[in-house]
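I opened my notebook to record what I looked up in this structure. The entries follow in the order in which I made them.

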Amino acid sequence: MSSLNASLATALSGLQAEQGALEATTNNVANANTPGYSREVPVLETSDPVTIGSLTLGTGVTLESIESIRDPILESQIQQETQTQGQMNSLVAALQQTQTNFSSTTGDIGTAISNFFSSINQLATSPADLSLRQGVLTAADNLASAFNTVANNLTEQRTNLDDNVEQTVGQINQLTGQIAQLNGEISQAENAGGTAGTLIDQRTELIDQLSSLVDVSVIPTGNTLTLTTAAGTALVAGQQSFQLSTQANSSGEQDVYSGSTDVTPTIVSGQLGGILQARDQQIPSLQNQLDTVAAGIANAVNGVQTNGYDLNGNPTGATDANGNPQTPVYLFNPPPAAGTGAAADMSVAITDPSLIAASSDGTTGNNSNANAMYALGNQAIVNGQSPSDYYSGIVFDVGNAVSNATAEQSASNQMLQQLDDQRSSVSGVSLNEEAANMIQYQQAYAASAQVITAINDMMYDVINMTTLTT
Amino acid sequence: MRVNPNPLPDLLSALEQAQQQINTDEQQVASGQSVNVPSDNPANAAMLVENANQTATADQYLRSLGSIQGEMQNADSALNSVVTILQRAISLGTEGANGTNNDSDRQAIASELQGIQSQLVSLANLSYQGNYVFAGTATQTAPFVLDSDSPSGVDYVGNSDSNQIAVGDNLNVQTNLPGSELFSNPSNNVFQAIQDLITSLQNGTNIASAVSELSSAYDYINTQRVFYGNAIDQLNTQQTYLNSETTQLAQQQTNLGGTNLPQAITNLESSETADQATLETISQTEQNNLFSYLSR
């Protein structure tokens, strides 16, 4: 036999549950535009029934929990793709800046190479002409400064990227610290039997941000998470975060350390991976190629220059007119033997145009040596290629690197957009849905309230049933 | 099925892409260049470097060719004068060989020949833009100097070398004949021949053989002169070739890196249409949701 009081309690549970459910809707609507927010769904369950005699009576409804709707697999895919996107974003930004040095403009290296060899061909038409000789020196100066400018730009870019490495490591440390703290709060909330939906949302959002900076692997451990880089460097374990640090290496650039281990080469994706790729691979490779051209030209030109005679008939090689040793008269200051820094240091060794060795026999009007010097422009003096061929190869490499990275970037953007769409279709807040839910909860609430009114009336009837009417 | 309730980020990124495409298209139309940075087309960018180098080289060949063309034309016309003068000398010699002449006639002819000798020296010392053309490679000194001790009366102080100039990737042309070969060749020394004729006329002996010596020197110079004529022809041919090469290179450059304007403008228009369509879509995006209908 049930009691009116029990019915009242059941009706009340309905009121409370619907009110709680409405809370979830309210929170969803409030967070409709919060990044990373996963919509919440109230979990309503029937309360345990009571059995009295042969009757089993329901005891109403319980708001068991409020659950956040998310798809962990989708989230981990998003984190993966975010890493690629972060890497490509920083790589593309760096390379686009790099390639402006190789656009064909009036002062670019390709033009300077052509102009230099042209000036020598012109000198050959009148080898004693001082203004033509001056023209060769000017063209040589322009060539050297074209190399200097690009080499310096690349060095400066590496320095800027190096600063970025430090900044990015700082950001990573800040995020891992926050994630470790959230790990603590989440496990505390869940150990106390509660749900930690919004905290988990916040943590997921932070992991997304971290993924755009560095490659992250997420390993769920109990109700916390362990984060490592893809290569296994620990970032966060439970409530503890492991800070990365930077240390200058032998070339003065910052390497990334975890504790006392240099982890620089293991970081391959995320913004940090992209920056390191540009700083340690792409740009150094270009610098190396530039050095090769600069050293190739300088050495070959010097070789011919020191094999002739200047305008005054003096030999320019290592032996003077009397057969005594002398300092050879170079056209370009000899590049470093290893070639490194050849482009940055390229400079013209002489200021006196009469010192150019146009003559091969000491006769002022002889142009054989100038012809030999001019011919270098078409000879394989740079790694088996002519200077111009080799340089055009560099331009291709730069353009290709940018174009490939850009293609990968846009593929990654599209992929991420699709994944975000999917996540949003699972976890996003739909205002229509929330409005419908609101009506539903509101109506159920109103109904429960009506039931209470009815029970109240019945109570009244019961109380007054025994009262004698006078 | 539940759909993505918030399509705006997608639409915004589509809008961004459309506008980026417009920027690219506008840049191509405005600059007239489809390859503004190497990544626009790496292969073409590399070929454009080669093209620019070939163009600069061809332009330089044309400049160098122009410089030596002037020098060689001057040399050729100097030799033309030499030939004319030698014809005059031969006819003077033939006239002097005529037995009807007396001593004073021959002296008069001899002194005219002396004038011719010094004209020849002056022509052989032709200088062009500061360089002596017939001095071999010793171009800074006048190659022929008068020397009364010398049997021919003229000494050659130049050398017997010649210069070459590249006027094509595989084309070097010789730019000069040394005076020692043209005028003072041991077997055909024109100064010696005239000097001998003068001496013969003065002595009144061996005039006929001196005239024949001069004739053979004349023939020799006439033969040598062909060098300049041929070289000038070769330069003219090369000039024509280089001019057509630069035209081709310019055409190639346009093909590699120029904007195909009709195509680019069509692209720009279609990008703008895409942009417009995306904007429309965004503005038409469902403004209302169920909440809008609940308000009483």
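This is a predicted model: local features need pLDDT of at least 70, side-chain atom pairs count only at pLDDT 80 or more; totals for chains, interfaces and linings use all residues.

Residues are numbered from 1 along each chain as its sequence is written, and chains are lettered from A and ligands numbered from 1 in the order in which they are written.

The assignment gives chain A domain 1 (4-69 + 429-465) and domain 2 (77-414). I then looked up the contacts, counting two residues if their C-beta atoms, placed from the backbone, lie within 7 Å, and found nine residues of domain 1 of chain A touching seven residues of domain 2 of chain A.

Next I turned to the helices, which are DSSP runs of H or I with at least four residues, as strands are runs of E with at least two. The axes (lines fitted to C-alpha atoms, for helices over the stretch in contact, with angles from 0 to 180 degrees between N-to-C directions) of helix α2 (residues 72-99) of chain A and helix α9 (residues 387-427) of chain A come within 8 Å and cross at roughly 150°. Therefore α2(A) is roughly antiparallel to α9(A), a label for angles over 145 degrees.

Last, I found that β5(A) and β6(A) form a hairpin with two residues between them, and that A:G222 in the turn has a positive phi of about 60°.

Technical notes: Domain bounds come from an automatic or database domain assignment. Angles under 35 degrees count as roughly parallel, over 145 as roughly antiparallel, 65 to 115 as roughly perpendicular and the rest as oblique. Two strands pair if DSSP finds at least two bridges between them.
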